[in-house]
Amino acid sequence: SSGINAEYGDISFCVNVTDYATKFLAFSCRELVRLNIAGCTQLTDTSVSYISGGCHYLSHLNLSNNLNITDKAVRFLRRGCKLLQRLNLQLCPKITYVAIQRLEGGGCKVSHSIDINALKLGPMLPLSRTHKRPMSVGYSIFPIPSHG
């Protein structure tokens with residue numbers, strides 16, 4: 001088979017990388033184990049569909065700082081990247097907690113920023129003194145692996 005025998009790829013913060021370029025990467029570098037495409041701001045769920053279709057050995061994926069990635073991308077990863085152990089979704093605001101929980105159910109550790117305002121906790125949120133509205137607070141989710 002033709003392709004590039006590489007286990008690690010890092011094209012993070014290459015803002016000119018498109019879904020088409022990701023398609024070439026995913027189907028040319030099928031042996032990838034780790035891939036960092038953080039901050040590639042033109043990427044969409046289509047890129048993740050290519051990665052999940054071509055990179056079945058992927059164990060670590062960094063998708064952080066990609067504003068166009070949605071829950072659809074998480075579904076692609078669940079179906080195609082069965083060996084995924086760590087996924088970074090920091091600053092991917094279109095990813096919901098429900099999608100993360102489904103992925104974690106398969107044993108993947110997910111790092112993600114959650115906008116607490118989206119949880120609709122109402123008066124429990126801290127109020128900004130200057131704006132009199134809830135502040136946006138992010139935190140990371142690192143599930144504790146179950147033993148058994």
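**Close-up views of a predicted chain**

**View 1. Contacts across the chain.** Among contacts (heavy atoms within 4.5 Å) between residues at least 6 apart in sequence, 70% join residues at least 24 apart. The model is predicted: local features need pLDDT of at least 70, side-chain atom pairs count only at pLDDT 80 or more, and totals for chains, interfaces and linings use all residues. Residues are numbered from 1 along each chain as its sequence is written, and side-chain values use heavy atoms, with hydrogens and water left out.

**View 2. Order of the elements.** The chain has four helices and five strands, which follow one another from the N terminus as β-α-β-α-β-α-β-α-β. Helices (H or I, at least four residues) and strands (E, at least two) are DSSP runs, numbered from the N terminus.

**View 3. Helix 1 and its packing.** Helix 1 covers residues 19-28, and its buried residues are Asp19, Thr22, Leu25, Ala26 and Ser28. Buried means under 20% relative accessible area (1.4 Å probe, protein chains only). These residues pack against strand 2 (34-36) and helix 2 (45-54). Of the 148 residues in the chain, 40% are buried.

**View 4. The largest nonpolar core.** This core (buried Ala, Val, Leu, Ile, Met, Phe, Trp, Tyr and Cys residues joined through side-chain atoms within 4.5 Å) has 30 residues, and Leu61, Leu63, Leu87 and Leu89 have the most contacts inside it. At least two core residues come from each of helix 1, helix 2, helix 3 (71-80), strand 4 (86-89) and helix 4 (97-104).

**View 5. Around Leu61.** Apart from neighbours within four places in sequence, Leu61 is in contact with Leu35, Ile37, Leu77, Leu84, Arg86, Leu87 and Asn88.

Key. Buried < 20%, exposed > 50% of the residue type's maximum accessible area, 1.4 Å probe, protein only.
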